Amino acid sequence: MYARAFINALDPEDPDELIGYVEGISGSSYSLEGDRFIVEKCLECAGMPFKEPICHAVRGALAEILEHWEVPFKGLVEARCAAEEGEVVGTCVVKARGAIWKAKRVVDAVKRAFH
């Protein structure tokens, strides 16, 4: 719901612009490295005393962003949850599965070859 609300309220042109807005509001840092979406200082599970991944909000926000910009993906899973690691405010990582990541790697390789 957060991602959808931000998209509707701010009308960003691309995901990078949206993420910039959210970083400014939350104080967290978001990055995409390969097939992993990394949240530094994740506030969704801050201080939660759970022993299993609870990054549903982060996973849901990422799914909403990918769907809004019509980026194909097959699924999203938690690769690391700060709450599960016992961190009060830590790093959460969501891994995306699907054809998008293979295609992105090919595009990146082609770009490197010509630069």
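Is Lys 74 buried or exposed, and what is its relative accessible area? From there, please go on to helix α3 and its buried residues.

A: Lys 74 is exposed, at a relative accessible area of 73% (over 50% is exposed, under 20% is buried and anything in between is partly exposed, with a 1.4 Å probe and protein chains only). This is a predicted model, in which local features need pLDDT of at least 70 and side-chain atom pairs count only at pLDDT 80 or more, while totals for chains, interfaces and linings use all residues. Residues are numbered from 1 along each chain as its sequence is written, and side-chain values use heavy atoms, with hydrogens and water left out.

Lys 74 sits in the loop that runs between α3 and β3. Helices (H or I, at least four residues) and strands (E, at least two) are DSSP runs, numbered from the N terminus. Between the C-alpha atoms of Lys 74 and Ala 63 there are 10.0 Å, the two residues being 11 apart along the chain. Ala 63 is one of the buried residues of α3.

The helix α3 covers residues 56-68. Its 13 residues should span 18 Å at 1.5 Å a residue, and its end C-alpha atoms agree with this, being 18 Å apart (the expected span is 1.5 Å times one less than the number of residues). Just after the helix, Glu 70 takes a positive phi of about 55 degrees. Most residues other than glycine have a negative phi. Positive values are found elsewhere too: Lys 41, not a glycine, has a phi of about 60 degrees and lies in the loop between β2 and α3. Lys 41 is partly exposed, with a relative accessible area of 48%. Asp 11, in the loop between α1 and α2, has a phi near 50 degrees and counts as exposed because its relative accessibility is 62%.

The buried residues of α3 are Val 58, Leu 62, Ala 63, Glu 64, Ile 65 and Leu 66. Their cover includes α1, α2, β2, β3 and β4, where contact means heavy atoms within 4.5 Å. Val 58 is also among the residues that touch the most other members of the largest nonpolar core, which has 24 residues; the others are Phe 37, Cys 45, Leu 76, Cys 81 and Cys 92. Such a core is a set of buried Ala, Val, Leu, Ile, Met, Phe, Trp, Tyr and Cys residues joined through side-chain atoms within 4.5 Å. At least two of its residues come from each of α1 (2-10), α2 (15-26), β2 (36-40), α3 and β4 (92-97). The largest share is that of α3, with five residues. Leaving aside residues up to four places away in sequence, Cys 81 touches Cys 45, Glu 52, Pro 53, Ile 54, Cys 55, Thr 91 and Cys 92.

A salt bridge is a side-chain nitrogen of Lys or Arg within 4 Å of a carboxyl oxygen of Asp or Glu, and the whole structure holds five. In one of them, the side chains of Glu 64 and Arg 4 meet at 3.2 Å, N to O. Glu 64 belongs to α3 and Arg 4 to helix α1, so this pair ties together parts 60 residues apart in sequence. Arg 4 is partly exposed, with a relative accessible area of 42%. Another salt bridge joins Arg 59 and Glu 78, at 2.4 Å, N to O. Here Arg 59 is in α3 and Glu 78 in strand β3, so parts 19 residues apart are tied together. Arg 59 counts as partly exposed, at 24% relative accessibility.

As for the setting, the chain has four helices and four strands, in the order α-α-β-β-α-β-β-α along the sequence. Of its 115 residues, 31% count as buried. Among contacts between residues at least 6 apart in sequence, 52% join residues at least 24 apart.
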